[in-house]
Amino acid sequence: MKRYNVGIIGATGMVGQRFALLLENHPWFKVTALAASPRSKGKTYAAATQGRWLVDGPLPESMKNMVLFDATSDIDEIVAMVDFVFCAVDMPKEEIKLLEEAYAKKECPVMSNNSAHRWTVDVPMLIPEVNPEHTDIIEFQKKRLGTKRGFIAVKSNCSIQSYVPALHPLMKYGIEAVLVCTYQAISGAGRTFETWPEMVDNVIPFIGGEEEKSEKEPLKVWGKIENKKIIPAKIPDITAQCIRVPVSDGHMAAVFVRFREKPSKGQIMATWNEYRATHGFDLPSAPQQFLNYFEDDNFPQTKFHRNLENGMAITLGRLRDDSQYDYKFIGLSHNTLRGAAGGAVLMAELLAAKNFFDKNERKNLK
């Protein structure tokens, strides 16, 4: 695999910092440009993040002295230095949509961690182990944008990673209804206990917009491409409740599921154990075992299992019969790795393996 030069747009925020750590020694991607808000322009990465480095692990040596660009006004300079960008900016949604399209129209693919384009009908929302076929929509998106290689791809909301991967291989049994309660870490809000002390010994029963995302985004992930659009699936019906809990990292889900044809517990366990990614590529960030089930009723535990396979695996437990649904179980994922930056890096690896970042056509651009 060739090496690609990449940029991080929104490099000073928590997810941007996580991108920096993940990309420091990446075998396919090399960071050549960092960008943030106008107030950070001209500062070194070390200076811009001094006193507010929010993730585990030191600031990468190779990036300490890189000078930050303005994500909005220096697009031409950034695009000239990279093959594609990761985007994790903290801006109003409409401004993010315009910014990401501006990069795409400059023939720079955008791997977005933001929600702004998740419901754009020709933008794929990719979980590589679940819907790799949605990359096919990109050609239609490029025609709409008038580009040869510029496009936008997004990763899903971090919370759905804790249950959609477990439900996906069970769809063959006809899932009709799902009830899910997610217990979400404070890093999902870009916070730590130092910056959000009121979360210590506390639970907040509301996360703005999260329940709608949790109910609707899986249907796009499971949708079909028709008439140059991704048409969301109509079933299963999903209802969600999302709660903020005093945990640094890791989103847990309590899942209840009803089937058209109820499988046995043994069938579910075998399906989970045997499920393998369908994208057909050996991707550097992909876990060896995507779904990991624990027999101990006390597992999975957020503190001890969120980092399984570098935080890219999904852990499951407590599968049992339910009195109102058919089954219930627990799911867990690392929200800033699998759910955010790591998921976006894995998405980029899939697109790289499929040659979506090839610059051969770019030579002919005017």
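What covers the buried residues of α5? I started there. The cover includes α4 (93-105), β6 (152-154) and α11 (337-353).

**Ground rules**

I am working on a predicted model, where local features need pLDDT of at least 70, side-chain atom pairs count only at pLDDT 80 or more, and totals for chains, interfaces and linings use all residues. Residues are numbered from 1 along each chain as its sequence is written, and side-chain values use heavy atoms, with hydrogens and water left out.

**Helix α5**

I looked up which residues of α5 (138-145) are buried, and found Ile138, Gln141, Lys142 and Leu145. Seen down the axis of α5, these buried residues fall within an arc of 100°, so they line one face of the helix. The arc is that of the directions from the helix axis to the C-beta atoms. Buried means under 20% relative accessible area, exposed over 50%, and partly exposed in between (1.4 Å probe, protein chains only). Helices (H or I, at least four residues) and strands (E, at least two) are DSSP runs, numbered from the N terminus. Just after α5, I noted that Gly146 has a positive phi of about 75°.

**Whole chain**

I counted elements next: the protein chain has eleven helices and 14 strands. The C-alpha trace spans about 60 × 50 × 35 Å along its principal axes. Of the 366 residues, 58% count as buried. I also checked contacts (heavy atoms within 4.5 Å). Among those between residues at least 6 apart in sequence, 78% join residues at least 24 apart.

**Helix α8**

I turned to α8 (265-274), where Ile268, Met269, Thr271 and Trp272 are buried. Down the axis of α8, its buried residues fall within an arc of 160°, so they line one face of the helix. They pack against α6 (164-167), β11 (251-259), β12 (291-294), β13 and β14 (327-333).

**Thr315**

Thr315 sits in strand β13 (314-321). Thr315 counts as buried, at 1% relative accessibility. I listed its contacts, leaving aside neighbours within four places in sequence. They are Asn292, Phe294, Pro300, His305, Leu308, Ile330, Gly331 and Leu332.

**Cis bonds and positive phi**

Most residues other than glycine have a negative phi, and most peptide bonds are trans. I looked for exceptions. Phe299 and Pro300 are joined by a cis peptide bond, with omega about 0°. Pro300 lies in the loop between β12 and α9 (302-305). The bond from Ile235 to Pro236 is also cis, with omega near 10°. Pro236 is in the loop between β9 (229-231) and β10 (237-244).

Asn227 has a positive phi, near 55°. I placed Asn227 in the loop between β8 (224-226) and β9. At 71% relative accessibility, Asn227 counts as exposed. Phi of Glu309 is also positive, near 55°. Glu309 belongs to helix α10, and is partly exposed at 25% relative accessible area.

**Pockets and cavity**

I used a 1 Å grid over the protein atoms alone: a cavity is a set of points where a 1.4 Å probe fits but cannot get out, and a pocket is an open set with protein on both sides within 12 Å along at least five of seven lines. Lining residues have an atom within 4 Å of a point. Grid points are joined across faces, edges and corners, and a volume is the space filled by probe spheres set on the points.

The largest pocket has a volume of about 1100 Å³. It is lined by 46 residues, of which Val15, Ala88, Val89, Asp90 and Asn114 lie nearest its centre. Helix α1 (14-23) gives the most to this lining, with four residues.

The second largest pocket holds about 220 Å³. Among its 13 lining residues, Pro284, Ser285, Ala286, Asn310 and Met312 lie nearest its centre. α10 (308-311) and α11 each supply at least two residues of that lining.

I found one cavity of 30 Å³ or more. The largest cavity has a volume of about 40 Å³. Its lining is Leu126, Ile127, Pro128, Lys155, Gln161, Arg338, Gly343 and Leu346.
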